[in-house]
Amino acid sequence: MSENSATPLTMIGLGPMGQAMVRRFLAAGHPTTVWNRTAARADDVVAEGAMRAATVADAVAANRLVLLSLTDYAAMYDVLKPAEAELAGRLIVNLSSDTPERTREAAAWLAERGAELLVGGIMVPAEMVGTDAAYVFYSGRQSTFDAHEPTLRVIGRADYRGADPALAQLYYQAQLSLFLTSLAAYLHATALVGSAGVSAAEFLPYAVDNVSGLAYFLDEASREIDSGRYPGDAANVTMMGATADHVVGSSLSAGIDSGLPAAVKSLYDRAVAAGHGRDSWTSLIEVVRKG
């Protein structure tokens with residue numbers, strides 16, 4: 001059975017992300033109970049219509065649907081242990097970041113206490129929660145997701161990835177890997193040209209052009225990865241590995257940190273050693289998979 005727009009819920013964790021979600025739920029007509037270890041963090045959203053719970057046990061008991069926005073899954077145990085008696089029959093939607101294995105462990109811990117876990121991963125910053133650009137990965141029992149999707153879509157497009165609780169976390173961490181590495185690469189590139197006195201503003205349009213162009217390579221790359229065939233006619237590992245070596249050398253000459261390009265170069269070196277020298281750069285996936 002689908003929910004209606006007035007479904008009540010509880011939000012535990014009122015950092016910037018938690019507060020942003022509460023505001024979206026309130027605007028959509030959902031009665032929202034809130035709790036945070038630092039009680040003052042609830043003041044603003046309470047003033048806007050949220051209901052403050054005196055204790056975490058009261059917060060969990062208030063509604064069947066309980067959302068968590070915490071630092072990690074360890075924080076979930078710390079926060080919920082005083083409310084263990086109230087967990088039975090509750091759906092815990094944990095939107096916190098952690099490893100896939102810890103996510104599975106959390107699902108088992110909650111099940112032992114009569115609660116169900118739906119894992120979520122929000123792929124936008126707090127200021128974009130609930131906008132057209134927002135989307136959230138979910139995993140867990142599909143019937144549970146389907147029943148609550150009308151409420152969950154308030155904070156962003158609800159993208160269900162499968163029954164395994166770890167799947168949403170895997171997608172979330174994979175996206176963060178791409179995001180964080182790309183940002184670090186931008187900073188490294190900016191520092192590299194900056195060593196010659198080039199400002200970040202002057203370099204910006206070239207960086208934007210580069211990042212925008214990356215999408216061009218991904219469609220073909222995904223087909224090669226899935227097929228396990230890596231034709232190197234256009235850009236083979238040996239050629240691109242030489243380029244990676246030049247980036248490391250340029251970094252050392254400029255006196256800036258070379259850790260990031262050295263890590264990239266090591267992938268090419270290991271791919272060559274594994275016999276992929278004439279294969280496409282996409283064959284580096286074989287090195288990455290083997291750790």
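Biologist: Is Glu-149 buried or exposed in this structure?

Modeller: In this predicted model, the side chain of Glu-149 meets that of Arg-153 in a salt bridge of 2.6 Å, N to O. The relative accessible area of Glu-149 is 19%. Buried means under 20%, so Glu-149 counts as buried.

Biologist: How many residues apart are Arg-104 and Asp-164, which are joined by a salt bridge?

Modeller: The side chains of Arg-104 and Asp-164 meet at 2.9 Å, N to O. Arg-104 belongs to helix H5, whereas Asp-164 sits in the loop between strand S8 and helix H7. This pair links distant parts of the chain, and the separation is 60 residues.

Biologist: What is the orientation of H8 and H9 relative to each other?

Modeller: The axes of helix H8 (residues 200-213) and helix H9 (residues 215-227) come within 5 Å and cross at roughly 20 degrees. Angles under 35 degrees count as roughly parallel, and therefore H8 and H9 are roughly parallel.

Biologist: Which residue's side chain forms a polar contact with that of Lys-265?

Modeller: Lys-265 lies in helix H11, residues 259-273. With 19% relative accessibility, Lys-265 counts as buried. Its side chain is joined by a polar contact of 2.7 Å to that of Asp-269.

Key:
Residues numbered from 1 in each chain as written. Predicted model: local features only at pLDDT ≥ 70, side-chain atom pairs only at ≥ 80, totals over all residues. Heavy atoms only, no water. Helix = DSSP H or I, 4+ residues; strand = E, 2+ residues; numbered from the N terminus. Buried < 20%, exposed > 50% of the residue type's maximum accessible area, 1.4 Å probe, protein only. Polar contact = N/O pair within 3.5 Å; in protein donor to acceptor, adjacent residues only side chain to side chain. Axes fitted to C-alpha atoms, helices over the stretch in contact; angles between N-to-C directions. Parallel < 35°, antiparallel > 145°, perpendicular 65-115°, else oblique. Salt bridge = Lys/Arg side-chain N within 4 Å of Asp/Glu carboxyl O.
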